[in-house]
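The stops below are meant to be selected in the order given.

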Amino acid sequence: MNTMNPSISAKADRRDQGAEIPVPQDKPEDTVIEEGKTVGKPFVNDPKFKLRNVNVSYGSDRAIKNISIDIGKHEVISFIGPSGCGKSTFLRCLNRMNDSIQICRVEGQLMLDDEDIYHSKRDVVELRARVGMVFQKPNPFPKSIYDNVAYGPRIHGLANRKSDLDEIVENSLRKAGLWEEAKDRLDAIATGMSGGQQQRLCIARAIAVSPEVILMDEPCSALDPIATARIEELIADMSKSYTIVIVTHSMQQAARVSDRTAYFHLGHLVEVNETNKIFTSPQHELTESYITGRFG
Ligand SMILES: Nc1ncnc2c1ncn2[C@@H]1O[C@H](COP(=O)(O)OP(=O)(O)OP(=O)(O)O)[C@@H](O)[C@H]1O
Ligand SMILES: [Mg+2]
């Protein structure tokens with residue numbers, strides 16, 4: 001008995017005869033993106049960062065294509081999108097981390113509290129104290145736990161007396177949710193801690209210089225689910241005091257931690273909106289394709 005579905009068998013017959021099989025018309029990679037056009041709500045009333053017509057190139061390759069967006073005060077915003085779409089490149093513009101890449105050129109208007117981030121007279125060390133960064137892989141210095149956290153306050157001259165420095169170290173470790181685990185081993189070498197502890201230490205180190213913004217580039221991708229949950233709790237706590245920009249490959253994480261989510265695609269900023277809107281009713285077909293797992 002021939003159990004083959006008649007329509008499938010008809011297609012198979014046509015293929016046998018060399019007939020053309022129709023290509024689906026809605027392949028995400030065929031979607032034309034209009035440069036500089038972002039759907040949703042890229043702008044806010046009270047921005048911490050005002051970023052307009054930002055272009056970033058590595059040599060002759062454009063990695064960021066005419067992106068405009070605001071990042072609000074005390075907002076948590078997630079950057080999501082397929083690998084290579086420019087999330088890290090754009091994030092690094094916010095505290096000029098791209099400066100160290102010789103072939104990298106940043107153009108456009110990038111303002112922090114209405115001051116030009118790329119002004120020729122801008123003190124980059126001071127900028128990075130205001131806009132701290134936590135990386136994908138925990139990168140504590142091969143020093144003691146105490147000295148890791150005290151490092152920034154020391155170089156920025158934030159504490160005159162040992163007791164002031166002790167207080168900054170304790171407060172930073174408390175805010176990073178690490179004090180109870182670290183208080184009896186402040187002189188121990190930081191690289192001997194677990195990955196999750198090291199990442200919280202890196203957060204404490206960033207917090208210690210009283211930043212206004214914390215940039216996080218996939219901060220949990222090297223961590224297990226329990227350590228990840230702790231960092232996510234921290235992000236929720238920290239959002240009361242800081243502006244937080246987080247790059248993540250985990251859509252669940254973006255949904256859990258962020259107020260708004262920005263979807264990047266091939267160097268374009270396709271859509272920005274309140275996080276629940278992005279995940280429940282995306283306006284752009286590329287956003288929808290990505291969040292439904294059709295590519296990425
Ligand atoms: N240092 C560099 N030199 C040259 N090209 C680079 C450099 N860093 C990034 N690029 C290029 O810029 C584009 C964007 O890369 P970027 O690292 O910003 O993407 P991403 O969205 O963070 O990706 P992933 O999710 O994989 O981390 C890519 O085409 C990448 O090859
Ligand atoms: Mg990246």
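Select Gly84 to begin: Gly84 sits in the loop that lies between strand 4 (76-80) and helix 2 (87-93). Helices (H or I, at least four residues) and strands (E, at least two) are DSSP runs, numbered from the N terminus. This is a predicted model, in which local features need pLDDT of at least 70 and side-chain atom pairs count only at pLDDT 80 or more, while totals for chains, interfaces and linings use all residues. Residues are numbered from 1 along each chain as its sequence is written, and chains are lettered from A and ligands numbered from 1 in the order in which they are written.

Is Gly84 buried or exposed? Gly84 counts as exposed because it has 12 C-beta neighbours inside 10 Å. By definition, a residue is buried if 20 or more other C-beta atoms, placed from the backbone, lie within 10 Å of its own, exposed if 12 or fewer, and partly exposed in between.

Next, select Ala204, Ile214, Leu215, Ile244 and Val245, which touch the most other members of the largest nonpolar core, a set of 69 residues. Such a core consists of buried Ala, Val, Leu, Ile, Met, Phe, Trp, Tyr and Cys residues joined through C-beta atoms within 7 Å. Helix 7 (residues 195-207) supplies the largest share of this core, six residues.

Centre the view on Ala204. Leaving aside neighbours within four places in sequence, Ala204 is in contact (C-beta atoms, placed from the backbone, within 7 Å) with Val149, Ser172, Leu173, Ala176 and Leu178.

Display helix 4 (residues 145-155) beside helix 7: their axes are 7 Å apart, at an angle of about 30 degrees. Axes are lines fitted to C-alpha atoms, for helices over the stretch in contact, and angles run from 0 to 180 degrees between N-to-C directions. Helix 4 and helix 7 are therefore roughly parallel to each other, a word used for angles under 35 degrees. Ile145, Asn148, Val149, Tyr151 and Gly152 of helix 4 meet Leu201, Ala204 and Arg205 of helix 7 in this contact.

Finally, display helix 8 (residues 225-238), whose axis comes within 9 Å of that of helix 7 and crosses it at roughly 20 degrees. Here the contact joins Gly195, Gly196, Gln199, Arg200 and Ile203 of helix 7 to Ala227, Arg230, Ile231 and Leu234 of helix 8.

Conventions:
Contact = placed C-beta atoms within 7 Å. Parallel < 35°, antiparallel > 145°, perpendicular 65-115°, else oblique.
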